[in-house]
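Hi,

Here is the structure I promised to pass on. Have a look at it first, and then read on for my notes.

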Amino acid sequence: MTSPKRVGRIEFGLFSPKEIRKMSVRKIIWADTYDDDGFPYPQGLMDLNLGVIDPGLRCKTCDQKAADCPGHFGHIELAKPVIHVGYTRLIRKLLRVTCRSCSRLLMTSEEVEKIIGHEDSELAGEIVSEKDIKKERVCPHCGEQQLKINFEKPTTFSEVFVEDGRKVEHKLTPADIRARLERIPDDDLRALGVNPDVARPEWTILTVLPVPPVTMRPSIILENGQRSEDDLTHKLVDIIRINQRFKENQDAGAPQLIIEDLWELLQYHVTTYLDNEVAGCPPARHRSGRPLKTLSQRLKGKEGRFRGSLSGKRVNFSARTVISPDPNLSIGEVGIPLAIANEMTLPIRVTQFNLEEMRQYILNGPERPTIRSPCGANYAIRPDNRRMRLSEANLETVAEMIEPGWTVERQLKDNDIVLFNRQPSLHRMSIMAHRVVVMDGKTFRLNPAVCPPYNADFDGDEMNLHIPQTEEARAEAEILVSVSSNILSPRTGGPIIGGIHDHISGIFLLTHTVRHFSKEETLYLTQHLDIEHLPEPDRMDENGNPLWTNKQVFSLVLPDDLNMVFKASSCQNCETCRREMCENDAFVRIINGNLISGTIDKKGIGAFDGQILHRIIRQHGMKRAARFIDDVTKLSIRGIMLEGFSFGIDDEDLTRTEYGQIDEVLNTAISDVDRRIKIYNEGQLEPMPGRTLEETLEMQIMQVLGKARDRTGEIAGRHLGMDNSAVVMAVSGARGSMLNLTQMAGCLGQQSVRGERIMRGYEDRTLPHFRRNERGAEAHGFITNSYKSGLSPTEFFFHAIGGREGLVDTAVRTSQSGYLQRRMINALQDLKVAYDGTVRTTGGRIIQFRYGEDGTDPGRSSYGAPVDVKGIVESVLKEEVK
Amino acid sequence: MGTSLDVLNHEMVPDHQIMGEEEVADLLATYHITLEQLPKIYHDDPAVKTIGGEVGNVIRIIRDSRTAGRAEAYRLVVKRPKK
């Protein structure tokens, strides 16, 4: 293990030029890196004293090889001081609060005391800020009139003084600034919150530049043998070149103008070396035009050193591929392609009890030909931790060699526990433990019922798989992370795994109204269920053959003692409920595990609101619930296959009567709109309270058109009955709504932007197809056509406008909620519920005195309540409880 | 000054009480914590000012809770740091 030393204290400060020179092992003066023989120039940027990256060479400073030498700093003596961009705000503040002649703080000691107070007084710890000092005052110490300091990004400071009534800016050179900062007394700095022992302000102006060791800017050798230098090296070359030229010009006594230009150039290079994304400064670019990645860019942001390299973790024993559905798998299983199962291993210690088994694994070797063949092993690890790769050549020798103390890395086989994950991992159900089923093919297979927690679909989604490598990890995965322990969502306290799409359509078709099945049909439906015998048949047909009802078939998957009463998704919320006599068969009644009446749909078995599911979890536990989901998914798939289920363009067809009615409704609505516009134009419109005339008119129009759209939907709905697949899906809650159907068969309706009719476009009109200031329905995005009949060009354009708003909204929302989530996780990640029920930080500080104030784990609650009172009463009374 | 408002009378402000020394000792003992491990509240919090809480006092706050009906929390009064 690592040494048990403790970090006692971290000191943050600035490097002084003295310190930089002291830690430097070499002064760098040559801008070149390697000579023609590929050997580093002495005193060049790749000097051997700075560390070595080429194998074979030894560091001249520490005499170690490339792998062991950590690298050493060098330094460049700058011809003239330059400003460090990272400290411009501090420099600006200090220039503004200190005197331009005596460099004292522009306050009398009494004034300072008023703000920071004496030691151990009320105000101890306060510091003087820029706001505490009046602008352009006279220095209280030497009487000098102060000037305004202007700061121009990135690194230009200037003094403003008034000459002949005009404002004149006088530029301050870094040397001037350094001189001023040098004179600020230590005590004044303390009042400003700067600790002069570790950070004298003049050290923010660089006179000597540290050269980082070559180990942090290694050059790479391309395929063609050419060397390619790191971005930092490129930048350092620029700095040394300009510095050299600057020195030469200075020594030759060049005119002031040239000196100033070179000084600015040096400043630019040092600035971009430190940070290449400073505002007001064009980024330094590579020859190819790509901006250089300099010091600040290495640290900053998602791919930077902190977020990308230090908190970012990469792992072995993981796999990733496309997912596809398999309803015959249990929800707790995952199908793994043979190719992946052969590649991935888990270590098993050899003991005297499993020696023979391990020997067999090794003899089976690293290549498993079919999914039925027994699994093999890829590596054997000797007691001295030497790894031996198994291959056809050494199988038998290694098999003979193993004995207790060895470890065998066995391939994945059926029933191993693995972690399965889909990004973005927004909640804990994004990673769940599944059991392996080795399969043919190249995709991961999963039961579609576990799609909701992962938010997965099969349009090309990929998922990740991780193999726990220790017994502890496997036990933890099984107990805490398994799919069956995550059926209840801790967000709502209700089930999050359950039937989706075809499961719901299927179980709806199967259980809707009372029907009878012959023995063949009944067995077809139940063939995948784990049942021993069929119940007593409901009745015999005319030939004396037994018949079972569809409700009996469904009852086979229910626990025997289940009692519940609820209303299905297809419930119309009638004024007076006719209960068992419901004409939609929406009154679900289950007595002693028998479905007496009602249709099973989304409310019964769906993910998020499956009531039967929820009740089984409460009364029979997660294991039984998992089995129920398995049974229901299999049964419903059989149910949907028994009848067949499809949707085509002709399912949106209506008859001539309906088309006539729809046209009539739309025409009346449009003329109604025109009538209201006429009233408005005549000035006869009564404004609604709190609204302008225009707003009133707009609201009326929206209302009229909205109603018209709904009326077309009703007309279409009257024609499309339960024999229409889209209606079945909408009514059962499987997918889609009656609104979608209205838009397909009836009329698309009003397109809107921000909840209003479309108003933008050209001058006084939306499109050149309309008259200016026209207010009619068509001119502002009312679409009379349906998706079936097809949109006119203007309608199509309005539809695109409305559709774009939706896209923009989702894009904005995901980025915003992603950042919100990141901040929240950073704030909460180390909190835990202690054994006494308090929520605490790692330091034992209390955040909540009782978790959630009531100490209830929502993941084990019934929709947030600790006890499902209604469910218990219902089970006993076998009656609906309000 | 205009009309003064007693924040304690506002329906959104829960009940704040200053705890006695003995009560505080009991509290720290039940949770096995030091004073510093308590949640904090600033000395210039309007409710703390109204009940006359001083730096170092522990305030008991009794809230109506959506989950538990009634919930108690305890906070140590600390000085608000500048900025």
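I'll start with a hairpin in chain A: strands S19(A) and S20(A) form it, with five residues between them, and in the turn A:Gly544 has a positive phi of about 80°. Before going further, please keep in mind that this is a predicted model.

S19 covers residues 539–540 of chain A, and two bridges join it to S20(A), with the two strands running antiparallel. Across that pairing, A:Met540 stands opposite A:Pro546 in S20(A). S20 (residues 546–549) of chain A also pairs with strand S18 (residues 516–517) of chain A, again over two bridges and in the antiparallel sense. There, A:His516 has A:Thr549 in S20(A) as its bridge partner.

Next, a helix pair. Helix H16 (residues 519–526) and helix H19 (residues 611–643), both of chain A, have axes that come within 8 Å and cross at roughly 135°.

On the overall layout, chain A is divided into four stretches: domain 1 (85–206), domain 2 (318–486), domain 3 (502–632) and domain 4 (649–805). Taken over C-alpha atoms, the centres of domain 1 and domain 2 of chain A are separated by 66 Å.

There is also an open sheet in chain A, with four strands in the order S10-S13-S11-S12 and antiparallel pairing. Its edge strands are S10 (345–349) and S12 (387–389) of chain A, each of which pairs on one side only. On average, neighbouring strands of this sheet are turned by 25° against each other, direction ignored. Helix H11 (residues 355–364) of chain A packs on the sheet and touches S10, S11 and S13 of chain A; the direction of H11 makes about 55° with that of S13(A). Within the sheet, strand S11 (residues 377–381) and strand S13 (residues 407–411) of chain A pair over four bridges in the antiparallel sense. In that pair, A:Ala380 stands opposite A:Val408 in S13(A).

A few backbone details in the loops of chain A:

- The peptide bond joining A:Gln423 and A:Pro424 is cis, with omega about 0°. A:Pro424 has its place in the loop between strand S14 (417–421) and strand S15 (431–439) of chain A.
- A:Asn455 is a residue other than glycine with a positive phi, near 55°. A:Asn455 lies in the loop between helix H13 (451–454) and strand S17 (462–466) of chain A. Because it has 14 C-beta neighbours inside 10 Å, A:Asn455 counts as partly exposed.
- A:Glu853, also a residue other than glycine, has a positive phi near 70°. A:Glu853 lies in the loop between strand S30 (846–848) and helix H25 (869–877) of chain A. With 18 other C-beta atoms within 10 Å, A:Glu853 is partly exposed.

Now to chain B, which has two helices and four strands. From the N terminus on, its elements run β-α-β-α-β-β. The C-alpha trace of chain B spans about 45 × 35 × 25 Å along its principal axes. Of the 83 residues in chain B, 13% are buried. Among contacts in chain B between residues at least 6 apart in sequence, 61% join residues at least 24 apart.

How many residues does each chain bring to the contact? Chain B gives 13 residues and chain A gives 12 residues. On the side of chain B that touches chain A, the largest share, four residues, comes from strand S4 (residues 69–78) of chain B. By class, that side of chain B has eight nonpolar, three polar and two charged residues.

Cheers

Terms used. Residues are numbered from 1 along each chain as its sequence is written. Chains are lettered from A and ligands numbered from 1 in the order in which they are written. This is a predicted model: local features need pLDDT of at least 70, side-chain atom pairs count only at pLDDT 80 or more; totals for chains, interfaces and linings use all residues. Two strands pair if DSSP finds at least two bridges between them. Axes are lines fitted to C-alpha atoms, for helices over the stretch in contact, and angles run from 0 to 180 degrees between N-to-C directions. Two residues are in contact if their C-beta atoms, placed from the backbone, lie within 7 Å. A residue is buried if 20 or more other C-beta atoms lie within 10 Å of its own, exposed if 12 or fewer, and partly exposed in between; C-beta atoms are placed from the backbone. Ala, Val, Leu, Ile, Met, Phe, Trp, Tyr, Cys and Pro count as nonpolar, Asp, Glu, Lys and Arg as charged, and the others, Gly among them, as polar. Domain bounds come from an automatic or database domain assignment.
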